[in-house]
Amino acid sequence: MRAILPILIVALFAYTVPAQASEPTFSDWLVDLRKDAQAKGISAKTLDAALTDLKPIPRVIELDRRQPEFTWTFRKYMEKLVNQARINKGKKKLAENAKLLNEIGQKYGIHPRFLVAFWGLETDYGRLAEGYFPTIAALATLAHDGRRSKFFREQLLTALKIIDQGHISVERMKGSWAGAMGHFQFIPTTFDAYATDYDGDGKIDIWGNQADAYASAANFLTKSGWKDEEIWGREVVLPKDFDFNMASMKVKKSLKDWQDLGVRKVGGGNLPAKEDMKASIVAPAGAHGPAFLVYKNFRTIMVWNRSIFYALGVGQLADRLVGRPAFTTLGPKGGRGLTHAEGKNLQQRLTAMGFDTGGVDGVVGPKSREAIRDFQRKAGLIPDGHPSLELLEQVQKGL
Ligand code: CA
């Protein structure tokens, strides 16, 4: 599952991948795949329907290999994904589907505002639920391609199983280029583990049946540790002398400890006096942006999608749907995130200075952020671990 990206409408041209010395041709590979699927008990009927004349989709490879021009800042991300139009539409969807959402919400123990928030971020409340790419062809393309073939082969075999179980036809099984399907963009293994036939017609239809789709999302969240009696977290204000080494998902403290450290609600109020609740602080735009105190449910949102931006997007959208306040700030205006090349350059320079970025791949992940913090500490800067153009300039100047 992943947040929606601008939909690219492209023409599909099926073609045959030229043979390379190291990898089998698509058709040879397909023969082997079919044997594998057969051994797993998938019927010949399903395999005939799904695999006959199957061709790889070049556009899927293109999308898998593309490097984003640059990453979004937190502000940009929120402006794109949790804007007023999305909030207004979500309120309407929440009202229109209130009866079903309340029923499913109560059964699974998850407030409808969260289901609608995931729905909004994944497929714009179902507008994109039908999907564009034929899932079997897309997954076969990626499974045949060498980059992440193990992962996608498992997704493909599971997709065949889903068809074999009669939930959906080959023709109707569509989704994203990477195999995410239906209202909540479940990949096949997520479907297999969590999707639910809520209306009891014998088919799990996450593409066309909202009851099945909502219940499947709710089931995923409940099984991933959702606590309905808690919120996801809240925006907070940090004290002036706050030690940004503590702004990390790795650091968990009780609300009382954060209160003692000077963390307060927006507006200055005390944090809730809940002894047993543990929370982390995240600062998605660095030391000069907003700060959030995040609870257990935030971690569950991150089981769905590992991005902190995404989790804050879900939290904020859910809140706004029921009239809770907007974040007071989204961080500095303007600017942009690092390009892939800049991310690489940052990692190379940090590595050359002896900081461990965990490799040089242009993707500034948790390990690179720790390396940034180490650099910032040595340089006498605020150790917020935030990759920015300013930070890159400082790193380029050296210590
Ligand atoms: Ca059903």
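Q: At what relative accessibility does Arg377 count as partly exposed?
A: This is a predicted model, in which local features need pLDDT of at least 70 and side-chain atom pairs count only at pLDDT 80 or more, while totals for chains, interfaces and linings use all residues. Residues are numbered from 1 along each chain as its sequence is written, and side-chain values use heavy atoms, with hydrogens and water left out. Buried means under 20% relative accessible area, exposed over 50%, and partly exposed in between (1.4 Å probe, protein chains only). Arg377 counts as partly exposed, its relative accessibility being 39%.

Q: Which residue forms a salt bridge with Arg377?
A: A salt bridge requires a side-chain nitrogen of Lys or Arg within 4 Å of a carboxyl oxygen of Asp or Glu. With the closest N and O atoms 2.6 Å apart, the partner of Arg377 is Asp374.

Q: How many salt bridges does the count come to?
A: Among them is the pair Lys40 and Asp36, whose side chains meet at 3.4 Å, N to O. Lys40 is exposed at 55% relative accessibility, whereas Asp36 is partly exposed at 22%. Another pair is Glu230 and Lys227, at 3.5 Å. By the salt-bridge rule, the count comes to 21.

Q: Which residues are linked with Asp36 and Lys40 in a network of salt bridges?
A: Asp36 and Lys40 meet directly in a salt bridge. Their network takes in two further residues, Asp32 and Arg153.

Q: Why is the arrangement of donors around the calcium ion irregular?
A: Donors are N, O and S atoms within 2.8 Å of the metal (3.2 Å for Na, K and Ca); water is not among the atoms, so sites may look incomplete. Here they come from Asp197 (OD), Asp199 (OD), Asp201 (OD), Lys203 (O) and, with two OD entries, Asp212, at 2.2 to 3.0 Å. Four donors count as tetrahedral if all angles lie between 85 and 135 degrees; four count as square planar and six as octahedral if opposite donors are over 155 degrees apart and all others between 65 and 115, and anything else is irregular. The arrangement is irregular because the six donor atoms subtend angles of 48 to 164°.

Q: Against which helices do the buried residues of H2 pack?
A: Helix H2 (residues 44-51) has Thr46, Leu47, Ala50 and Leu51 as its buried residues. They cover an arc of only 100° around the axis (taken from the directions from the helix axis to the C-beta atoms), which puts them on the same side of H2. These residues pack against helix H1 (26-39), H8 and helix H9 (149-164).

How values were computed. Helix = DSSP H or I, 4+ residues; strand = E, 2+ residues; numbered from the N terminus. Contact = heavy atoms within 4.5 Å.
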